[in-house]
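Notebook open, structure loaded. I am jotting down what I look up as I go.

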Amino acid sequence: MKLKLCCLTLLALTLGAVQTQAAKLRVVATLTDVADLTRNVGGEFVEVRSLATGIEDTHGVPLKPSFVPLMNRADLVVLVGFDCEHAFLSALLEASRNPRIQPGKAGYVDCSKGISPLDVPKSTDHSEGDVHPYGNPHYTLDPVLMESAVKTICAALIAVAPEHEADFVKNRDAYLAKLDAKITEWQATLAPFKGTKFVSYHEHWPYFAARFGLEYYGTIELKPGIDPTPHHIEDLIASMKSEHVPLVVREPQFPEKVPALIAEKTGAKLVKLPIMPGGVPNTDTYLAEMDYIVNTIANALKK
Amino acid sequence: MCAGVEKIKMKLINLLGVSSALCLCATVAQAQETNKPADVDQRLKQMQEMFEQHERDLEARFEKKIAAQDEVIRSLQQRLAAMPTNPPAAPVAGAAPPANVTGAPDAVTPEKFKALDEKVDEVVAAQKKSLPSEFNPAIGLVGETIFSQQSKGSPQNGTGYPGGFDVYQRSVELMASASIDPFAKGWVVINGSADAATGETSLDVEEAALQTTSLPANLTLTAGQFFGEFGRLSYIHDHELPFVNRPLVLDQYIGGESKTAGAQANWLVPIEHYVNLTAGFGTQFGDNPDAVGSYRSFGAVNYFGRASTYFDLSDNWQLESGASWLINPDSGNVNGELAPNGLTTLTGTKRQIFGGDLKLSYVPLRDNQFNSLTWGNEVLYSDNQYRATPTGGGSAFGESVGAWGMYSYLTYKWSRSWSGGFLFEYVQNNQDNAGRTYSYSPYITWAISHWNQLRLQYTHTQPNSATGNEPNDALYLQWTWIIGAHSHGWQGR
């Protein structure tokens with residue numbers, strides 16, 4: 001009798017635990033920025049796994065088979081969109097065998113929805129390099145546009161778990177309030193440097209530049225995904241000198257050698273900036289990442 | 001606004017004119033009926049006074065309305081001027097105007113209207129460009145040319161290439177793929193190639209298959225002609241190999257790529273660890289179709305299966321392994337001379353291949369586009385059973401030949417464009433395991449871009465005399481290019 005009681009108790013506890021776990025929405029986010037936003041909006045009702053750890057290139061997250069079981073069980077996949085994840089997401093979606101998260105389904109949450117892209121190519125010919133046919137996908141570095149992503153994520157969570165709508169809305173509004181306050185602070189920090197020109201390795205920064213009044217001058221890469229040629233580097237150095245470009249941005253996943261050379265030859269400051277949370281130490285959240293970016297630029301330009 | 005007011009005034013005057021004319025006509029008619037001039041005059045006078053009063057009232061109401069509208073316009077203009085404006089964004093070199101800004105309204109200027117117009121035009125143009133092709137499949141073309149120099153002539157070099165210098169258009173691969181409906185996708189790979197020895201060109205359907213996309217229980221079903229999942233590199237297209245030529249063991253035991261015409265079921269085991277199981281069958285497996293004969297039973301087709309799994313050893317180190325099995329219980333398609341006695345004709349009766357593969361990779365998360373290391377290995381054991389018929393007469397007898405072969409390669413990538421490695425191969429002849437060949441191939445690859453790649457490879461082949469081949473030194477320059485869409489999906493990762 002005692003044994004039966006023990007077994008039943010154990011079973012009840014196990015089922016309870018399973019049910020508690022099952023109540024959480026399983027979310028797979030492609031990159032750490034949209035993962036952080038989802039955690040903030042979903043709160044205790046979501047379990048978010050990010051495919052990227054933050055130190056990868058946004059287009060170079062390794063295609064690990066261990067991602068497949070995660071995707072297979074996911075209720076939602078949250079992505080940056082504009083083809084940002086072209087190198088890995090479509091193959092993973094295919095391998096996941098999960099109809100809930102396929103494009104067009106409620107579980108496919110494209111955060112670029114409602115955002116107007118920059119640099120939409122007039123042609124997708126490969127002579128222009130590895131162009132993104134829908135436009136530059138790196139809007140995540142514009143915190144104002146990320147407010148739109150927060151709203152998209154919230155709407156998607158409500159669609160699949162309407163019973164938690166009030167909580168999701170409360171979390172969304174609280175996060176947006178924090179983000180709004182930060183945006184004001186970041187704009188004030190960078191206000192003295194309006195019109196400052198800068199270059200970066202890859203085209204990660206046009207949205208950021210437009211938001212904060214900086215001038216995005218060009219890329220170290222010859223074309224998206226194509227390494228710089230010596231001729232391109234020479235041209236870039238010459239034009240940076242004549243235009244007095246004072247800042248070179250290196251994203252951590254790209255080699256330092258060429259950006260350092262350009263900075264040295266032009267006298268520009270070289271800064272290493274993350275392109276998503278976790279890209280450099282102490283930038284685990286989106287707010288921390290943007291804090292780091294804004295303060296690093298401001299400090300570099302002050303000196 | 002002024003023009004609008006004038007228009008309304010004109011309309012009003014016209015309306016009054018018409019009304020007056022009608023009233024006058026009515027009055028005249030009534031006057032004719034009564035035939036009393038004094039009354040008529042008085043009535044006309046009254047009518048005129050009424051009309052003038054009416055006109056004054058209307059004008060007063062209209063002026064009041066105009067004044068109210070002017071007040072609204074002034075109020076709106078004041079509110080617009082008082083709205084907070086974003087600091088103007090700096091122009092981005094070579095970039096389109098800034099994106100829309102949620103929650104941060106910009107000052108409305110003619111420049112911004114113009115920029116917005118241009119952006120809308122771009123989006124509309126992009127839609128016009130893509131919409132007509134929405135129903136077309138993704139199409140890509142791969143070209144692969146191989147320049148080679150062999151020290152020995154054909155067939156002694158055992159490579160399939162003619163002796164001396166050669167330029168070989170190994171493939172022109174046209175691939176088209178698209179969703180068929182909500183339940184399946186389809187793809188076709190048509191390959192035009194030249195025969196390495198004769199130079200004769202031919203067009204071959206390498207793949208033409210459909211695959212389900214919505215079966216329950218983590219299942220997918222593939223049917224048609226496709227590369228069956230067996231081993232690690234046998235279902236990879238030539239141009240995607242990490243070196244120039246398909247390993248000898250795959251060429252000899254499988255017959256090149258694992259092309260099969262049949263069906264294959266694939267199951268992703270629903271556990272937290274990655275385990276993938278495949279089982280399939282096909283009327284051929286490899287380059288050479290099975291002999292059809294007059295009647296084919298289910299026992300005369302190839303059955304194959306594969307189990308694969310994967311381990312994250314750390315963030316940067318990965319291990320992938322698999323085991324494969326192929327059996328054709330009644331192959332009947334292998335004809336040849338059994339060495340060393342050299343006096344019999346072989347007819348295959350049963351074909352079996354067992355395979356194991358292991359790939360260890362170092363893929364650093366941060367800079368994997370610039371730095372990686374791959375160590376790939378595959379071992380195959382071939383168990384062929386033949387019916388040997390003495391050519392000089394006598395009764396046939398059964399002959400079983402067990403042979404094994406392997407390859408191992410190490411590729412190191414040290415920049416986005418450059419990688420190099422070394423391939424070691426060993427294979428026993430699967431019709432006569434006394435014939436053995438070793439091969440050594442250093443190679444270097446320059447990926448100019450994703451779609452344009454050059455590879456230089458030197459291969460020394462060291463066969464023993466039982467193979468009938470001679471040691472050979474070869475130099476290959478492979479140039480691969482891709483235009484259009486190109487992806488072999490998860491399988492081709």
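This is a predicted model: local features need pLDDT of at least 70, side-chain atom pairs count only at pLDDT 80 or more; totals for chains, interfaces and linings use all residues.

I started with a helix pair: the axes of helix 2 of chain A and helix 6 of chain A come within 7 Å and cross at roughly 125 degrees. Axes here are lines fitted to C-alpha atoms, for helices over the stretch in contact, and the angles run from 0 to 180 degrees between N-to-C directions. Helix 2 of chain A and helix 6 of chain A are therefore oblique to each other. The cut-offs I used: under 35 degrees is roughly parallel, over 145 roughly antiparallel, 65 to 115 roughly perpendicular, and the rest oblique. Helices (H or I, at least four residues) and strands (E, at least two) are DSSP runs, numbered from the N terminus.

Who makes the contact? From helix 2 of chain A I have Asn40(A), Val41(A) and Gly42(A), and from helix 6 of chain A there are Phe168(A), Asn171(A), Arg172(A) and Tyr175(A). By class, that contact has three nonpolar, three polar and one charged residues. I count Ala, Val, Leu, Ile, Met, Phe, Trp, Tyr, Cys and Pro as nonpolar, Asp, Glu, Lys and Arg as charged, and the others, Gly among them, as polar. Contact means that the C-beta atoms, placed from the backbone, lie within 7 Å.

**Ground rules**

Residues are numbered from 1 along each chain as its sequence is written, and chains are lettered from A and ligands numbered from 1 in the order in which they are written.

**Helix 6 against helix 10**

Next I looked up helix 6 of chain A with helix 10 (residues 286-302) of chain A: their axes come within 10 Å and cross at roughly 10 degrees. That makes helix 6 of chain A roughly parallel to helix 10 of chain A. On the helix 6 side I listed Lys178(A), Lys182(A), Trp186(A), Thr189(A) and Leu190(A), and these meet Leu287(A), Met290(A), Val294(A), Asn295(A), Ile297(A) and Ala298(A) in helix 10 of chain A.

**Domains of chain A**

Chain A is divided into domain 1 (23-183) and domain 2 (189-302); the bounds come from an automatic or database domain assignment. Taken over C-alpha atoms, the centres of the two domains are 25 Å apart. I found 31 residues of domain 1 of chain A in contact with 22 residues of domain 2 of chain A. On the domain 1 side, the elements giving two or more residues are helix 2 (32-42), helix 5 (143-160) and helix 6 (165-190) of chain A. The residues on that side divide into 12 nonpolar, nine polar and 10 charged.

**Cores**

Which residues touch the most other members of the largest nonpolar core? Val34(A), Val78(A) and Ile153(A) do, in a core of 90 residues. A nonpolar core is a set of buried Ala, Val, Leu, Ile, Met, Phe, Trp, Tyr and Cys residues joined through C-beta atoms within 7 Å. Buried means 20 or more other C-beta atoms within 10 Å of the residue's own, exposed means 12 or fewer, and partly exposed is in between, with C-beta atoms placed from the backbone. Helix 5 of chain A gives the most to this core, with nine residues. Domain 1 and domain 2 of chain A both give residues to this core, so it lies between them.

I then checked Val34(A): leaving aside neighbours within four places in sequence, Val34(A) is in contact with Ala29(A), Val78(A), Leu79(A), Val80(A), Cys111(A) and Ala149(A).

**Helix 4 of chain A**

Helix 4 (residues 89-96) of chain A is mostly covered, with six of its eight residues buried. Those buried residues pack against helix 3 (67-73) and strand 3 (76-79) of chain A. Just after helix 4 of chain A, Arg97(A) takes a positive phi of about 55 degrees.

**A stop in chain B**

Pro137(B) sits in the loop between helix 3 (110-130) and strand 1 (138-150) of chain B. With 17 C-beta neighbours inside 10 Å, Pro137(B) counts as partly exposed. Beyond four places in sequence, Pro137(B) is in contact with Ala176(B), Ser177(B) and Ala178(B).

**Chain totals**

Chain A has 10 helices and eight strands, and buried residues make up 51% of its 303 residues. Chain B has four helices and 17 strands, and 26% of its 493 residues count as buried.

Key: Two residues are in contact if their C-beta atoms, placed from the backbone, lie within 7 Å.
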